[in-house]
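Hello,

As promised, here is the structure, followed by a short tour of what turned up in it. Have it open as you read, if you can.

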Amino acid sequence: MDKPVLEVNHLKKYFKTPAGQLHAVDDVSFAIEKGHTLGVVGESGCGKTTLGRTILRLIEPTSGEIYFNGEDITKLKKDNMKAIRRKMQLIFQDPYASLNPRMSVSEIIKEPMIVNKMCSSKKELDEKVKELMELVGLAPRLVNTYPHEMDGGRRQRVGIARALATNPEFIVCDEPVSALDVSIQAQILNLMMDLQEKKQLSYLFITHDLSVVKHISTEIAVMYLGQCVEKAPTEELFAHPRHPYTKALLSAIPVIDISQRGKKPELLTGEVNSPVNPVSYCRFYSRCKYACDKCKEHSYELKEISPGHFSACHMNFTGEIE
Amino acid sequence: MLNDVSFSLNNGETLGLVGETGAGKTTTALAIMRLLPKRTGFITGGEIEFAEEGNLLEKNEEIMKAIRGHRISMIFQDPMTSLNPVIRVGEQIKESFEVHMPDLSDAEMEKKVDEILEMVGIPASRKREYPHQFSGGMKQRVVIAMALSCEPELLIADEPTTALDVTIQAQVLNMMNELKKKLGTSMILITHDLGIVSQNCEKVAVMYAGSIIESGTAEEIFTKDKHHPYTVGLFGSIPDLNKVTDRLSPIDGLMPDPMDLPDGCVFHPRCPKCMEICKTKVPETVSLGGEHLVKCHLFGGGEIDG
Amino acid sequence: MSRRNAKEETQIKSRSQMASIWMRLKKNKMAMAGLFMLLAMILIAVFAGIIADYDTEAIQQNMPERMQTPSAKHWFGTDNFGRDVFARIIHGSRISLSMSIIAMAIAVAIGAVIGAIAGYYGGKTDNILMRFMDILLAIPPMLMSISIVAALGQSMVNLLIALAIAYIPVFARVIRSSILSIKDQEFIEAAKSCGSSNGRIIFKHIIPNAIGPIIVQATLAMGATILIIASLSFMGLGVKPPSPEWGTMLYEGRDFLKGAPYLVLFPGGAITLAVISLNLLGDGLRDALDPRLRN
């Protein structure tokens with residue numbers, strides 16, 4: 001087994017709010033190997049976006065360790081961080097808001113290379129821009145166009161080209177296809193998978209769309225209110241979901257299969273609880289149909305229940321629910 | 001831009017209107033409601049027959065006002081913007097009674113508000129709260145309550161669950177289906193999610209660049225083999241949860257500019273099965289048996305006679 | 001449409017930001033007219049000495065030729081001291097135009113930096129800077145300039161400083177509010193994630209996106225500064241009497257409005273022309289800086 005590109009241990013990020021402490025990311029650990037994709041799924045407000053930003057130290061973590069190629073980047077000073085930042089990039093959800101409207105395509109793609117002083121001459125810079133545009137499938141004639149003149153799919157390609165400009169090893173993809181139409185979404189997903197193969201990239205793929213995450217990920221982590229409640233290789237998770245929340249999540253997706261019609265999904269009652277001052281026991285307790293008094297005795301712990309398959313539900317440990 | 005859009009819907013049925021951004025789904029809905037902006041929206045021809053009222057396009061604004069919200073209601077995509085943030089939710093629901101049932105006394109209206117809130121699963125005591133005190137799913141329930149307050153015969157839901165999380169989406173869709181059954185409402189469900197359509201609709205119409213390119217019953221669309229190439233592409237673009245696929249097979253190219261539609265079939269520049277005739281001649285609607293209609297030259301000619 | 005596409009396809013070489021702004025500005029006829037007028041006025045101001053001699057024509061009193069109507073010899077006529085109005089306007093442009101442009105340039109530069117820092121960093125920095133700006137803003141620019149000149153003493157430089165200080169808070173406020181709306185956008189985060197420094201983010205990403213309102217505000221304020229200079233001169237706090245200055249000329253001419261309206265008309269026209277050309281250029285620049293407005 002290769003050494004992981006990224007390893008995150010007990011990462012926590014709390015925010016202070018007037019109502020109390022908001023546990024956006026609470027004790028999350030995982031590792032991603034070279035060329036692999038970890039999918040992070042969860043509903044809005046579960047802390048998946050904060051997780052991505054914290055790993056890149058765009059938000060400073062409250063505690064925990066982030067090892068990138070064996071080096072703990074949470075302890076790095078600002079200047080050393082800059083060198084690491086080249087190797088860790090971010091692709092955004094909204095390809096319109098994430099591109100500076102005043103800059104043309106070439107300026108946007110050049111930006112990271114200029115900042116990191118990667119090219120010695122203007123000609124080299126132009127050459128690199130051309131290469132990157134070709135790599136992500138943008139026609140060379142688009143070099144002087146502005147974001148508002150392009151459609152969502154092309155804008156997202158520009159965003160991907162910018163992320164690739166510094167030759168990163170690891171990319172956080174924050175809902176990169178959620179804002180796109182299905183036919184364009186498929187084009188971008190194919191592109192991202194091709195690039196991963198070509199450049200041996202590792203992805204942290206954040207999304208709420210389970211069918212997308214199943215398609216692209218090698219491993220999936222399900223998040224609920226800042227905590228990772230279940231983690232398993234993709235096939236395993238979809239074949240044998242163990243945590244009650246994962247089960248409910250999977251059954252809530254409307255499948256394109258007319259024979260499944262009328263089959264009642266496992267409806268969750270209630271709303272997502274607030275991550276502000278959460279309870280000390282299982283955070284899913286109030287919505288869980290298996291909830292019992294014993295749940296209140298267990299604090300959060302992610303345990304391996306079968307090889308590679310982790311769950312945080314105490315009933316999974318004892319085999320009480322299957 | 002809509003071009004020759006036709007469909008019909010019976011009592012208590014749900015029609016799924018599927019398509020990508022810019023396909024003209026919302027425009028269709030607004031045209032039925034006669035809510036297109038005056039400056040840019042023209043309905044150049046055709047008719048909209050509604051119940052015993054006859055053609056809605058011939059009605060004057062006064063009659064339309066009485067129909068809108070009372071007999072035809074609409075739910076918009078974003079629950080945040082369809083509620084007025086400074087008015088209590090109870091008041092907002094009551095408003096539609098005040099407009100459409102002015103004969104009711106104040107107490108009767110309040111009672112109806114309570115009933116309708118309970119019906120969508122919100123405790124009546126919460127009617128004194130403001131929209132910002134509700135979560136996204138709850139807000140959408142309030143919007144649905146408002147739309148259903150006068151027990152309309154037709155409900156147009158424009159991407160009602162797109163802004164919601166999957167678990168909440170399942171709750172809301174489930175509730176809508178139950179209410180529909182209870183009240184006997186017909187529904188036009190506008191969405192881009194084929195999964196939602198397959199689980200909730202009896203009839204399906206697939207839109208592309210302002211035209212309905214394929215329509216039929218849900219069984220015909222989801223189980224038959226013969227489809228419009230665009231429908232095939234749409235299905236190929238979605239990662240299937242039940243199958244393992246290495247690569248998706250998306251549709252190449254982009255949606256055409258509605259101001260500058262291609263000649264012939266609107267889909268021909270992106271169509272993998274494009275023929276010479278597609279570039280020049282607009283295809284006729286062909287019946288594939290039953291209610292299954294396709295607008296494509298592949299199925300034209302003497303092959304199947306409707 | 002197709003011709004434009006063909007043209008664009010040949011330009012695969014990437015264009016710099018400045019070049020594309022200039023290309024867009026060139027397409028705007030009104031802005032080019034404004035630019036042309038402004039350039040003409042600046043040229044006249046630079047070469048004023050060649051067109052008319054300062055001492056003999058603009059300063060020296062020439063009683064025999066006083067109050068003459070416009071003629072071939074005196075294009076704009078002469079004033080009550082027999083000085084040539086045309087010569088005075090030309091030399092006056094040196095003072096009025098350069099003073100207002102320099103004062104605005106200083107105010108915009110300092111105001112933009114203060115506003116940008118306050119808006120970008122927020123928190124305590126923002127509070128301290130903006131409360132100070134609020135104090136300055138509470139005093140009207142006119143009063144402010146009067147008190148500063150009165151305190152520092154009467155001179156051109158002090159007048160310049162007074163005008164700049166009076167307008168700094170106006171610009172700081174405008175730029176801060178637009179930065180607040182820009183700094184949380186994702187493209188700023190994108191710049192951070194690739195390692196851009198704060199300075200680069202402010203100057204390269206934030207200010208170009210916030211520049212529109214500033215330019216409009218600046219061109220409008222420039223007209224106002226010309227008038228403030230005139231008023232201060234009138235009160236004896238600005239430019240000293242014999243020096244030709246548009247505002248002063250306007251004030252002096254008002255006594256003869258009935259008999260010799262040209263004494264007011266020409267300096268007034270000069271002020272109007274300067275303000276209009278600045279406004280036209282400002283509008284054009286704002287549009288040229290925003291690629292989204294290109295048609």
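Let me begin where chain A meets chain B. The contact draws 31 residues from chain A and 33 residues from chain B. On the chain A side, the elements that give two or more residues are helix 6 (182-199), helix 7 (210-216) and helix 9 (244-252). Helix 6 of chain A gives the most to that side, with seven residues. Sorted by class, the side of chain A that touches chain B has 15 nonpolar, nine polar and seven charged residues. Please keep in mind that this is a predicted model, so every value in this email is computed from it.

As for the other chains, two pairs of chains are in contact, and chains A and B share the most contacts. Chain B and chain C do not touch, and their nearest C-alpha atoms are 11 Å apart.

Next, chain A by itself. Ten helices and twelve strands make up its list of elements. Its C-alpha trace spans about 70 × 50 × 45 Å along the principal axes. How does its radius of gyration sit with that of a compact globule? For 322 residues such a globule would have a radius of gyration near 20 Å, and chain A has 21 Å, which agrees. Of those 322 residues, 49% count as buried. Among the contacts in chain A with a separation of 6 or more, 66% come from residues 24 or more positions apart.

Chain A is also divided into two parts: domain 1 (6-87 + 168-318) and domain 2 (105-162). Their C-alpha centres lie 31 Å apart. Where the domains meet, eight residues of domain 1 are in contact with seven residues of domain 2. The domain 1 side of this contact has six nonpolar residues, one polar and one charged.

Now for the inside of the model. In soluble globular proteins, nonpolar side chains tend to be buried together. Here, the largest nonpolar core has 232 residues, and those with the most contacts inside it include A:Ala161, A:Leu204 and A:Val222, along with C:Tyr167, C:Phe171 and C:Ile214. Helix 11 (residues 198-234) of chain C gives the most to this core, with 16 residues. Because domain 1 and domain 2 of chain A both give residues to the core, it lies between them.

Leaving aside residues up to four places away in sequence, C:Tyr167 touches C:Met104, C:Ala107, C:Gly111, C:Pro141 and C:Ala221. There is also a second, separate core of five residues, which includes B:Leu288, B:Leu293, B:Cys296 and B:Phe299.

Is C:Leu97 buried or exposed? There are 22 other C-beta atoms within 10 Å of C:Leu97, and 20 or more is the cut-off for a buried residue, so C:Leu97 is buried. Again not counting residues up to four places away in sequence, C:Leu97 touches C:Met41, C:Ile42, C:Ala45 and C:Ala274. C:Ile206, by contrast, is 109 residues from C:Leu97 in sequence and 30 Å from it in space, C-alpha to C-alpha.

Happy browsing, and do write back with any questions.

Best wishes

Conventions. Residues are numbered from 1 along each chain as its sequence is written. Chains are lettered from A and ligands numbered from 1 in the order in which they are written. This is a predicted model: local features need pLDDT of at least 70, side-chain atom pairs count only at pLDDT 80 or more; totals for chains, interfaces and linings use all residues. A nonpolar core is a set of buried Ala, Val, Leu, Ile, Met, Phe, Trp, Tyr and Cys residues joined through C-beta atoms within 7 Å. A residue is buried if 20 or more other C-beta atoms lie within 10 Å of its own, exposed if 12 or fewer, and partly exposed in between; C-beta atoms are placed from the backbone. Helices (H or I, at least four residues) and strands (E, at least two) are DSSP runs, numbered from the N terminus. Domain bounds come from an automatic or database domain assignment. Ala, Val, Leu, Ile, Met, Phe, Trp, Tyr, Cys and Pro count as nonpolar, Asp, Glu, Lys and Arg as charged, and the others, Gly among them, as polar. The radius of gyration is taken over C-alpha atoms; the globule rule is 2.2 Å times the number of residues to the power 0.38.
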